[in-house]
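Me: Could you go through this structure with me? I would like to start with how the chains meet and then look at some side chains.

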Amino acid sequence: MAVISNGTTLMDAGAISIAVGSMTLIKTLTASNSATLSFVDGASGVILDNTYKTYIFKFHEIHPSSNDAEFTVNFRDGETAYDATKTTTAFRSYHFEGDDSGLGYQQSNDLAQSTAIQKIGQLQSANDNDSCGGGEMKLYNPSNTTYVKHFQSRYSHHYTNSSPGQIDNFISGYANVTAAVDGVQFKFDSGNISTGQIKLYGIGE
Amino acid sequence: MAIISNAVTMADAGAFSVGLGSMTHIKTLTVTATNVTTMTLINGASSVVLDDTYPIYIFEFVNIHSVVDDRNFTINFTADGTNFNVAKTGTNIRADHQENGGSGALAYRENGDFAQVTGAVPFGEASDGNADNCLGGRLILFNPSSTTFVKHFTHEITNNANYTDASGKAEACHVAGYCNTTSAITGFQLAAGGNALNGTIKLYGLKDS
């Protein structure tokens, strides 16, 4: 049965007939002194497969439990370990509260065919209760089994309390695997994620 | 007829009354052939909308693959639906890092920027025909239907470029520029130096309200 309102067909043949939004919230994970926040296809309502070609992770008020911890990501490619081989670039701009500023490539944060965690942020403060980070990461076509898997993140955060300020991190690269990526894990390189949320969206047709 | 569920009016007067999201899918263009040299989206053709329906358009690029070695990806725009020759001025910065660990750097690219160029302009650096190489990213085009202002665009892409004489590398390109015309922009084109390419471009519109 079609649903027609004021002469406009709103729903028919099992589908909504007018254009609806293409950015779909899939899953929200909320940290509570969590060692990791992991999105695994098929677990806890997470979709990370060929349903969407582009996935976006949004970071909200990410706060570490340990001082000078750095926010990271890694990918799993068919097994349970988060160890996909990655080659990446890293640069950042910064402006500290003391007025020091700059722009530059970050060789300490890029990877060359490494299975290690990828840093997407730099030193964050646990001591400052109002210190946190926000941003997003896009992941392109993780279920594809022909091509490498590209990702881009931009993560802006309050820098460590020893030199407080703002830092804007740009990471781009690829998981150099043709196996499907079916899991993404976020954590700090030391300590836990004290508080914060990560929301996963799919960009559909 | 109104549709009311749990005392909430879901639809009435020919429209949904609840939020449906502001990002609307318009068109998916997928090329799988190995002999196609351009990927083109033109307003009014093949159900493409690129007019005053939306103030902002987003192009998503997924698994864009160059069939031929060492061909730069390029983009261009049209104001007449046929000729891709709009004058463009823009900036280009790039970070790159080779798989062998070399060449980690960030730089402004004078050979990648453009000043009143009517030809195609750089989108991503040389890619090769390795079976698993591709490009991903997003281009945002602001208010292409305006006949008062120039048309700004930004794009951020990530590419695993290979040179024929070097190892593979990750490349992040950040470009911002404008089509220096007050004519409406009605079409977009992606190419690979006249050689074959394939992949998927998805076009979305962002609603004004």
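Me: How many residues of chain A are in contact with chain B, and how many of chain B with chain A?
Reply: In this predicted model, 48 residues of chain A are in contact with 54 residues of chain B.

Me: What is the area buried between them?
Reply: About 3800 Å² is buried between chain A and chain B, and carbon and sulfur atoms give 63% of that area. The size of an interface is often given in this way, as the accessible area lost when the parts come together.

Me: And how many salt bridges are there between chain A and chain B?
Reply: The count between chain A and chain B is one salt bridge. A:Glu205 forms a salt bridge with B:Lys202, and the closest N and O atoms of that pair are 2.9 Å apart. As for polar contacts, 20 residue pairs are counted between chain A and chain B, with both residues at pLDDT 80 or more.

Me: Which elements of chain A give two or more residues to the side that touches chain B?
Reply: They are strands S1 (3-5), S2 (8-12), S6 (54-64), S8 (86-96), S9 (101-105), S11 (133-140), S12 (149-158) and S13 (165-175) of chain A. The residues on that side of chain A divide into 22 nonpolar, 22 polar and four charged.

Me: Changing topic, how many aromatic pairs are there over all chains?
Reply: A search of the whole structure finds 21 aromatic pairs over all chains. For B:Tyr54 and B:Tyr57, the ring centres lie 5.7 Å apart and the planes are at 90°, so this pair is edge-to-face.

Me: Is B:Tyr54 buried or exposed? And B:Tyr57, buried or exposed?
Reply: B:Tyr54 is buried, because its relative accessible area of 12% is under the 20% cut-off. B:Tyr57 also counts as buried, at 0% relative accessibility.

Me: Which residues form an aromatic cluster in chain A?
Reply: One aromatic cluster is formed by A:Phe39, A:Phe57, A:Phe59, A:Phe71, A:Tyr155, A:Phe186 and A:Phe188.

Me: Last one: where is B:Thr186, and what is it in contact with?
Reply: B:Thr186 lies in the loop between strand S14 (168-179) and strand S15 (187-191) of chain B, and at 19% relative accessibility B:Thr186 counts as buried. Beyond its neighbours within four places in sequence, the contacts of B:Thr186 include B:Leu41, B:Ile42, B:Leu50, B:Asp80 and B:Gly81. A polar atom of the B:Thr186 side chain lies 3.4 Å from the backbone nitrogen of B:Gly81.

Key:
Residues are numbered from 1 along each chain as its sequence is written. Chains are lettered from A and ligands numbered from 1 in the order in which they are written. This is a predicted model: local features need pLDDT of at least 70, side-chain atom pairs count only at pLDDT 80 or more; totals for chains, interfaces and linings use all residues. Side-chain values use heavy atoms; hydrogens and water are left out. Contact means heavy atoms within 4.5 Å. Buried area is the accessible area (1.4 Å probe) that two parts lose on being put together, summed over both. A salt bridge is a side-chain nitrogen of Lys or Arg within 4 Å of a carboxyl oxygen of Asp or Glu. A polar contact is a pair of N or O atoms within 3.5 Å; within protein, one must be able to donate a hydrogen and the other to accept it, and residues adjacent in sequence count only if both atoms are side-chain atoms. Helices (H or I, at least four residues) and strands (E, at least two) are DSSP runs, numbered from the N terminus. Ala, Val, Leu, Ile, Met, Phe, Trp, Tyr, Cys and Pro count as nonpolar, Asp, Glu, Lys and Arg as charged, and the others, Gly among them, as polar. Rings of Phe, Tyr and Trp (its six-membered ring) pair if their centres lie within 6.5 Å; planes under 30 degrees apart count as stacked, over 60 as edge-to-face and the rest as tilted. Buried means under 20% relative accessible area, exposed over 50%, partly exposed in between (1.4 Å probe, protein chains only).
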